[in-house]
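I opened this model to look up a few side chains and their surroundings, and I am keeping these notes as I go.

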Amino acid sequence: PLLTPARTRPSISPQLVRWENATASYYLMNDIFLQLLLMGFTSSIAKWTECLEPRPEGLCTVSLEAHRFAPPNMALPESARGVFWIDAGDDSNGHTNPWVDLNFLKPFPPESSKYGLWHVMDATPAYQSWVDVPASYNYVKHLNSIGTRSEVNPATLTVTWSACGFTCGTKYETFLPLPISSPSTQIGPNEYIRKAMVAGVTVATWKAYRIIDAVGNRTEYFKQVVAKMNGTALMLPRSQEAIA
């Protein structure tokens with residue numbers, strides 16, 4: 001019988017062999033690089049975030065002891081500089097703020113009719129915190145929906161509010177005043193009485209305490225707020241923290 005000729009592999013040029021080896025090495029190194037990059041990115045997220053558990057409305061719980069407060073705003077008058085705890089008494093209503101960090105405040109420019117006051121959007125991440133109760137979720141939802149802004153007179157520690165509503169973030173952004181104000185009276189070192197007033201009538205009275213002083217040190221009330229809040233509070237996280 002006739003013998004079938006053995007099939008032989010076509011010869012491959014040395015250049016093609018080198019190209020195949022280089023391609024394989026490229027994909028191997030690329031895979032290793034991506035794995036290392038992912039490990040580093042995951043590690044960075046772990047370092048960025050202080051969120052412990054997620055909550056509705058983009059909130060999360062954080063540790064009061066570990067929270068990174070803003071550095072002292074040395075442009076802000078000393079009387080208003082620092083971090084304050086607003087103690088509404090019954091924490092179930094969502095009105096208590098474990099902290100309000102006034103170091104976030106910015107001055108209105110000289111050409112503004114509100115020059116002399118300082119301001120911050122109430123939904124600014126890490127500016128303030130709330131008690132971890134359902135009423136706080138609804139309160140934050142309301143803040144976000146109407147775009148409220150706190151306006152502070154540092155001489156009297158009186159806070160008024162305005163809101164931009166559907167104009168927020170547009171070229172037509174306009175803030176309209178809200179019919180409520182909150183003056184504070186200092187009654188002791190780092191201790192205050194705060195009122196909520198509508199049309200000149202006091203509708204609520206709360207205690208307030210400075211928990212971080214004008215130079216960034218914790219006061220005697222810091223441990224008290226940590227104990228009362230069982231160590232945690234709700235806040236809107238910073239953008240990096242929201243990644244987690």
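I began with Arg149, which is buried because its relative accessible area is 9%, where buried means under 20%, exposed over 50% and partly exposed in between (1.4 Å probe, protein chains only). I note for the record that this is a predicted model, in which local features need pLDDT of at least 70 and side-chain atom pairs count only at pLDDT 80 or more, while totals for chains, interfaces and linings use all residues. Residues are numbered from 1 along each chain as its sequence is written, and side-chain values use heavy atoms, with hydrogens and water left out.

I found Arg149 in strand 8, residues 148-153 (strands, E, at least two residues, and helices, H or I, at least four, are DSSP runs numbered from the N terminus). The side chain of Arg149 makes a polar contact of 2.8 Å with the side chain of Glu151; such a contact is a pair of N or O atoms within 3.5 Å, where, within protein, one must be able to donate a hydrogen and the other to accept it, and residues adjacent in sequence count only if both atoms are side-chain atoms. Setting aside neighbours within four places in sequence, I listed what Arg149 is in contact with (heavy atoms within 4.5 Å), and the list includes Phe108, His119, Asp122, Trp161 and Phe175.

I turned next to the salt bridges, of which the structure holds nine; each is a side-chain nitrogen of Lys or Arg within 4 Å of a carboxyl oxygen of Asp or Glu. Arg68 pairs in this way with Glu50, with their closest N and O atoms 3.9 Å apart. This pair links distant parts of the chain, Arg68 being in the loop between strand 2 (60-63) and strand 3 (83-87) and Glu50 in the loop between helix 1 (14-48) and strand 1 (53-54). I recorded Arg68 as partly exposed at 40% relative accessible area, whereas Glu50 counts as buried at 12%.

Glu50 also meets Arg238 in a salt bridge of 3.0 Å, N to O, and these two residues are 188 residues apart.

I then looked up Arg55 and Asp132, whose side chains form a salt bridge of 2.9 Å, N to O. Arg55 lies in the loop between strand 1 and strand 2 and Asp132 in the loop between strand 7 (129-130) and helix 2 (134-146), so the pair ties together parts 77 residues apart in sequence.
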